Amino acid sequence: LGRAAAEVLRMVSREVREEYTAEQSERWLDAARAVGRDVLRADRELAKAESSLRLNPRARRRPYVAASLRSGLEALERASVSTRGVCRSLADLLHAQGPDAVYGEDVRLVLSDLLADVADAVEGYGALVGSESVGAGAQDQVLREALGRAWEDRHRLADLLRREERLRQDQWSMHGALTSHIDRLLRDVDSNARAELRKSWPTPPAGPTVPFLRRQR
């Protein structure tokens with residue numbers, strides 16, 4: 001799911017560097033909606049896995065796995081909603097702007113860089129959840145670095161938008177909606193919040209685990 005959401009953001013990042021079209025913005029929305037459908041399928045599969053874990057004595061070795069996957073899925077679900085919001089905002093801006101370009105080249109380049117870094121953060125969040133589940137050690141640093149780059153680009157974008165004199169005042173709410181969706185996306189996959197959440201998860205039992213007995217044939 002992290003990779004799927006990241007691919008949508010990378011597609012937008014590549015194409016927004018030029019003056020994008022209505023057809024492109026609709027394709028972005030379709031791709032973002034597809035990620036939302038993937039989330040629903042993942043939710044059903046996770047529910048089955050949670051039921052299986054409750055019946056499996058080996059699950060006592062990693063009692064936090066269900067909490068890790070469930071909270072990770074919820075975070076990526078929020079991220080998919082925010083991704084749709086980004087795509088919808090860019091489509092709305094295009095329709096409102098009419099025949100003129102939505103943004104100048106300098107703004108488009110920074111927005112492209114920002115979305116690419118957001119994509120890295122979303123994919124990094126998925127990798128972090130995966131590392132928690134297999135017990136390989138949380139990959140917090142990779143996620144933190146991607147988030148750091150993304151927030152730097154976010155501040156650059158805000159500065160450029162404030163200096164963009166040709167933006168019509170009645171459209172500022174649309175520009176604000178775009179940046180708000182990006183802000184929510186970054187908070188959906190925040191590394192510090194994830195680290196705090198891990199502190200609340202159950203720990204393995206102190207005693208020996210229940211052995212796994214093979215059926216005798």
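Which residues form the negative surface patch?

Guide: The negative surface patch is formed by Glu18, Glu19, Glu105 and Asp106. The model is predicted: local features need pLDDT of at least 70, side-chain atom pairs count only at pLDDT 80 or more, and totals for chains, interfaces and linings use all residues. Residues are numbered from 1 along each chain as its sequence is written, and side-chain values use heavy atoms, with hydrogens and water left out.

A patch is made of residues with over 30% relative accessible area and no salt bridge, like charges being joined within 9 Å and nonpolar side chains (Val, Leu, Ile, Met, Phe, Trp, Tyr) within 5 Å. Asp and Glu count as negative, Lys and Arg as positive, while His and the chain ends are not counted. The place of a charge is taken as NZ of Lys, CZ of Arg, CG of Asp or CD of Glu. Accessible areas come from the Shrake-Rupley method with a 1.4 Å probe, and for residues only the protein chains shown count as cover.

Glu105 counts as exposed because its relative accessibility is 53%; exposed means over 50% relative accessible area, buried under 20%, and partly exposed in between (1.4 Å probe, protein chains only).

Another member, Glu19, is touched by Gln24, which also touches Glu15, not counting residues up to four places away in sequence; a contact means heavy atoms within 4.5 Å. Gln24 is placed in helix 2 (residues 22-54) and is buried, at a relative accessible area of 19%.

Arg17 forms one with Asp113, their closest N and O atoms being 3.3 Å apart. This pair links distant parts of the chain, with Arg17 in the loop between helix 1 (2-15) and helix 2, and Asp113 in helix 4, 96 residues apart. Arg17 is partly exposed at 32% relative accessible area, and Asp113 is partly exposed at 29%.

Of its 217 residues, 44% are buried, and a search of the whole structure finds 19 salt bridges.

Definitions and conventions:
Salt bridge = Lys/Arg side-chain N within 4 Å of Asp/Glu carboxyl O. Helix = DSSP H or I, 4+ residues; strand = E, 2+ residues; numbered from the N terminus.
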